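Subject: Structure handover

Hello,

Please find the structure below. My notes on what was found in it follow.

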Amino acid sequence: MKQYYTCLKKLILIPLLVLMAMSLNAQERTISGVVSDAQTGETLPGANIVVKGTQRGTITGTQGEFELKIPEGADSLVITFIGYQKSTIRIADKSVFNIKLQRKVTGLDEVVVIGYGTVKKSDLTGSVSTVKSEELTKIPSSNALEALQGKISGAQISSGSGEPGSNPIVRVRGIGTLNNANPIYVVDGVIVDDISFLSSNDIQSVELLKDASATAIYGSRGSNGVFIITTKSGGENIEPQITFKTEYGVQQLENKIDLLNGREFAMALNDISPGTINNLDAVANYDWQDAIFRENPVIQSYDLSVAGGNDKLNYYLGTGFFDREGIIPKSNFKRYNLKLNTKYKAKDYLTFGANISGAYSNDDNAPNVVGTAYRAWPIDTPYDENGNFAEVRGNGNPLAAIEYTHNYSKTYRLVGNLFTEIKFLDDFRFKSSYQLDMSHGKNRNFTPEFYVSATQQNPRNALSIDFTEDRTWIWENTINYDKEFDNHTINAVAGFTAQERYFESPTVTVYRLVREDPLFWYFNATLTDTVDVSNNLGDAYQTSMISYLFRTNYSYKKRYMATVSFRADGSSKFREDKRYGYFPSFALGWNLSNEPFFPELKNINKIKLRGSWGIVGNEKISWFDRYSLFGSQYGAVFGDPEKLQPGAAFFSAGNNDLIWESTKQANFGIELGAFRDKLTAEIDYYRKLTDDILVLLDVPGFYGYGSFQQVRFNAASVLNSGVEMHVSYKDEISDDLRYSLNLTGSTVHNEVMELGATTPTDSVIYGGALSNGKRVTATRVGESIGYFIGYEVDGIFQNEQQLEQYPHLTDQDVGDLRYVDQNGDGKITPDDRVKIGSPIPDFTFGMGFNVSYKGLSLSVDLQGQVGNELYNAKNQTRFSVYNFEGRVRDRWTGEGTSTTEPELDGRAGNYEESEYFIEDGSYLRLRTAVLSYDLPDRWMKGAGLTSASLYLRGTNILTLTKYSGYSPDLGGSPLSAGIDSGIYPITSIYTLGLNVKL
């Protein structure tokens, strides 16, 4: 019986198994293909291929081939191989696959983009820092440079202003000039002055070239540093990949300035003028900061891109929209951008390509009401009993200023690079590219007729329109030679470039428009019998430059490296016999760890030493500086009958003997790898000396140029030196748990070595002009550029005896600041002003921490600086009685009551430039914190997606600082840095984002 049942079961199971097999076979199909190296084309045996979301898979054979049965509905394949990046390939209806894997590049094997080429980091002799795309998108900003704060050693990046659309201020290895100290940017080969037209999502990587070996290939423009921006591109035989990213967030004012409230201000008024306010309980208490700052203004962005390619054509197309409302009304910024990168291989030896970026931006420009709100009396309210704007004592009614401002800017920008590349003689490559950078701007500013008070009114409406045309073309022709043979590697480039720039910015203003409706904001809408027009031709110039360049990189046995480069630039800004500047550089490198005698150390696996020396230049001055100019704004009355006749007269003096600024820079660096490159470190020491700095100097009256004339001279020398470091540690505890830690730090010593003096007054250059006419910075030999100058404060005059004992200003009295008589002449004069601080930090730093577990990851970045001071100019510039900062609560009210805060007496003696207005500018900021979650693969399969992630992000979350203003992150020109005259606040931003790949 038992045998019977066993036989019966077999008879039943056999047909069932056959049916199941037939069913499974009907739901499966077979695919095949080859897996190979994307760079060399070599096949990869032993690569793992798995059907995504299943356990079904195979490995490639000896020739990289594979064959695999996949179930019906399988979405994609996941291919992995040791030393290569994981790749996910969509299956769709394809049956045969040619899969190319990209090599993993880490540590010293990473490829670094340099001027006119690339080089392996192991062969690099210059000082270059790299930041990848994933770091650039951590900050929601209209400019990718803001994301580099604390990420890159050797660069001080200051926000300067929180106004939407504003550009950060960048200083590379200190300040080496007294004029334009900005670096240049090379976007896909196009040299530009800023990258505000780019979306961070379109950028693949940013390299900062810092030492002369790296920057000399850019010659005249390399002295302030060179940022090379590489944007994203497609690839060979890559299926189209669509990426969509969106963010939505709100902004908050991180902190308010501590100002007196209504009752406190009324008490202060009574101190200044007793009896001004009789009933302290009856005064209003209006918070003007709350009035001008909006709650939770929105920031949002949307980016869509597609990338792919075949064996002939690869492409990347990206488009985006960025919209940020300002925390002050009428300060919004919108930008629409388009990015197209494409390359077409017509023949094996012939390639055509284009890199095109387009952007349209729309700015609402709010009036500077930060300073107005700071000064406004808190006992005044914005509206009268009829609902009209009321007079606000101090500096006007901030809300009325916003209401009556209609200032809008539109800018169109096109940056493009069209190129042809020809390969010949196996190792040579000729490339010719034509580059364009064109922008057209239009600003429309309408001010209606209004009356708020005698000091805040406009008796006739006015419309001003500014037009800006800025066009630059560059034609570059280069030949590259790349050869590897035996133990030698040679990479060389030689070329010729030419460029021309044209700029024009006229302004037209008309008055008394027929109506004030926006439909009538045009020139022809004026009253016909009262047409009133003024024209300003503005600035206009045309400059050109031609250049010759050469560089060769040589490596022997991957141990010894040498780089030699040279560039000659000829600029039309100088006369013919002084037109050219010549910029050579030399560098050596030694991969010590590649030597046969290098010991087998347990922890240290890589050591590289490098050193360089070179010269770079700068000619960022006005085209007019070499010429003496006539002005056409003059006229004379004569004739019969007499009337005003237009004319021209001498306007400004020039200097035809100008030559290039030149910066000589030496750099010594060491690169380390330890624990199998889990720990890497780079440390550099640099010393750069800039000579023949082009600077405006006062000229004496007996020269015959007229009063207050300044002429450009090669008249200064500045030294910058310091140490930079970048340390990184990365580890994988398991396949699911990874973490990394990054540290950057930079020091800088800035010192003026020479300052040519055409007159005795030119032994020092004063800058930092405030609205009250005072200058609070100075530059002289032995000190840093643009240090703060003023009186040293030695307490408060406590009584009449001290007032008689110590020198003081004529309008000072008991209770006022006591200034130090530095020269001992018994008087307080401008000669007693000394250095009271510097806006240049001693040390800038950043730290980043990242940890991920399965699909969850957390990223935290901190950034800051120490050792610099800031000048609180908004507290000093007082033409009448304004509101006061909270520090005056501790003011002197009688002998012994205070030794730091003077009496509120209304006298001007306490508002001289002095260290009373100097504050510590050091800070530590929690720059970003990002929590993201990668959605599970099983969800992606159902939605037809390759990947998707959600994230929450905070930006500028917390700033620890002693500074009393909105933000210690101030920038400025070399002679006017670190001065707070009422900056637009930097906000905290909290966003929710989604990133999807199809």
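Before the rest, the ground rules. This is a predicted model, in which local features need pLDDT of at least 70 and side-chain atom pairs count only at pLDDT 80 or more, while totals for chains, interfaces and linings use all residues. Residues are numbered from 1 along each chain as its sequence is written, and side-chain values use heavy atoms, with hydrogens and water left out.

Positive phi

Asp486 has a positive phi of about 50° although it is not a glycine. Most residues other than glycine have a negative phi. Asp486 sits in the loop between strand 26 (462–485) and strand 27 (488–511); helices (H or I, at least four residues) and strands (E, at least two) are DSSP runs, numbered from the N terminus. Arg173 also has a positive phi, near 55°. Its loop runs between strand 12 and strand 13. Arg173 is buried, with a relative accessible area of 2%.

Salt bridges

The count of salt bridges comes to 45, where a salt bridge is a side-chain nitrogen of Lys or Arg within 4 Å of a carboxyl oxygen of Asp or Glu. One of them joins Arg953 and Glu247, with the closest N and O atoms 2.3 Å apart. This pair links distant parts of the chain: Arg953 belongs to strand 52 (residues 947–961) and Glu247 to strand 17 (residues 238–253), 706 residues apart. Both Arg953 and Glu247 are buried.

A second salt bridge is formed by Asp684 and Arg610, whose closest N and O atoms are 2.7 Å apart. Asp684 lies in strand 35 (residues 679–691) and Arg610 in strand 31 (residues 604–618), so the pair ties together parts that are 74 residues apart in sequence. Asp684 counts as buried at 4% relative accessibility, and Arg610 is buried with a relative accessible area of 4%. Asp684 and Arg610 also belong to a network of salt bridges that links them with Lys608, Glu671 and Glu682.

In the salt bridge between Glu732 and Arg738, the closest N and O atoms are 3.5 Å apart. Arg738 is partly exposed, with a relative accessible area of 35%.

Nonpolar cores

A nonpolar core here is a set of buried Ala, Val, Leu, Ile, Met, Phe, Trp, Tyr and Cys residues joined through side-chain atoms within 4.5 Å. The largest has 24 residues, and Leu148, Tyr185, Ile195, Phe227 and Ile229 touch the most other members. At least two residues of this core come from each of strand 11 (155–158), strand 12 (169–172), strand 13 (184–187), strand 14 (190–192), strand 15 (203–209) and strand 16 (226–231). Strand 15 supplies the largest share, 3 residues.

Leaving aside neighbours within four places in sequence, Tyr185 is in contact (heavy atoms within 4.5 Å) with residues including Leu145, Val170, Val190, Ile195, Phe227 and Ile229. Another core, of 22 residues, lies apart from the largest one and has Trp288, Ile328, Leu399 and Ile402 among its members.

Thr563 is in strand 29 (residues 560–571) and counts as buried at 3% relative accessibility. The side chains of Thr563 and Asn553 are joined by a polar contact of 2.7 Å. A polar contact is a pair of N or O atoms within 3.5 Å; within protein, one must be able to donate a hydrogen and the other to accept it, and residues adjacent in sequence count only if both atoms are side-chain atoms. Beyond its neighbours within four places in sequence, Thr563 is in contact with residues including Thr125, Ser213, Arg551 and Phe586.

At the start of helix 4, a side-chain oxygen of Asn261 comes to within 3.3 Å of the backbone nitrogen of Arg263. Helix 4 (residues 262–272) has Gly262, Phe265, Ala266, Ala268, Leu269 and Asn270 as its buried residues.

Strand 1 (residues 28–37) pairs with strand 4 in the antiparallel sense over 7 bridges; two strands pair if DSSP finds at least two bridges between them. Glu28 has Pro71 as its bridge partner in strand 4.

Regards

How values were computed. Buried < 20%, exposed > 50% of the residue type's maximum accessible area, 1.4 Å probe, protein only.
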